[in-house]
Amino acid sequence: MRRLRRCGTCVCASSFYLITSQPTTQAEAALVLPRLRRQRGAPPPISEEMGISRLPIFNNEFFDPLELADDDNFAVYREAELKHGRVAMLATLGMTLPDFFRNQLIPDDLYLSKSLELRFQDVPCGLQALGAVPREGWLQILLAVGFVDVFLLVQQGVDEMPGDYGVGYFGLVDKARHENELEAEIEIGRLAMLAFVIQVVEELVTGQTVAEFWSSLAPYAAN
C-alpha cells in the first residue's frame, strides 16, 4: 500500500510538472509536448498508429502520395478506411458465396418482389444482378444503407477509436490489449478492397462470374 501511494504521488507530481512547467528551449519542448499530448488523451502521431506500412520505395514513410493525412485529420481517414474495408469484405463474399452456394443460401420460395413475381433465385450473380433488381429495390437498399451510415454507425465520443461506434471490432475496443486483432482487421480490409476490384475487373473483361471463371480453369488445373 505504501508503494502504491508513493507511485501515485510520483504520477501526480510528474503530471503537475508537465502541465505547469514551461519548456525554455526547443529541445525541452520536443520532449515535454508529446508526453503532455498523450496524457490528455489526444490521438498519437501518425507514426505510432496501427497499420502504417513503411516501405523503402516510399522512403520509409507511409503511403500518402497526395499528402492528405496529418495528425489532426488522420482519425477521419482511418474511420473511412475501416468502413470501406468492412464493406469490401462483405462485397467480396457477396460476389462469391451466392454463386457457389445458391441452393443452400437462397430458398426457392423467397421473393424479392411479389408484385413482379421476382424471386431471389431469379437474380443472377455478380454484376448482372445490377440490372435484374428493380429501381424500387435499389432505392430501398440505398435508403437503408444511408440510414445505418448516418444514424447508427457514428462515433460515440471524441476519445473513441475510429470505427468503434460504441461496440468495437467484435467487442474488441482496447487497442493496447488487442492490437494484433485490430491491425489484422485493417490489413484484411485493405486486401478485400483489392480483391473486390479484381473480381469486378475479371467479370467485366471475361463476362464470367467468379464461380464461372474458376470453374473454367478447372480443366487446366487437372492437367
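Modeller: Helices are DSSP runs of H or I with at least four residues, and strands are runs of E with at least two, numbered from the N terminus. In this case T209 sits in the loop between α8 and α9 (210-216). The model is predicted: local features need pLDDT of at least 70, side-chain atom pairs count only at pLDDT 80 or more, and totals for chains, interfaces and linings use all residues. Residues are numbered from 1 along each chain as its sequence is written, and side-chain values use heavy atoms, with hydrogens and water left out.

Biologist: Is T209 buried or exposed?

Modeller: Buried means under 20% relative accessible area, exposed over 50%, and partly exposed in between (1.4 Å probe, protein chains only). T209 has a relative accessible area of 5%, so T209 is buried.

Biologist: Which residues does T209 touch?

Modeller: Contact means heavy atoms within 4.5 Å. Leaving out residues up to four places away in sequence, T209 touches D99, C125, G126, E202 and E203. In α8, E202 and E203 are among the buried residues.

Biologist: What covers the buried residues of α8?

Modeller: The cover includes α3 and α9. Just after α8, G207 has a positive phi of about 75 degrees.

Biologist: How is the length of α8 read?

Modeller: The expected span of a helix is 1.5 Å times one less than its number of residues. With 28 residues, α8 reaches 40 Å from its first C-alpha to its last, close to the 40 Å expected.
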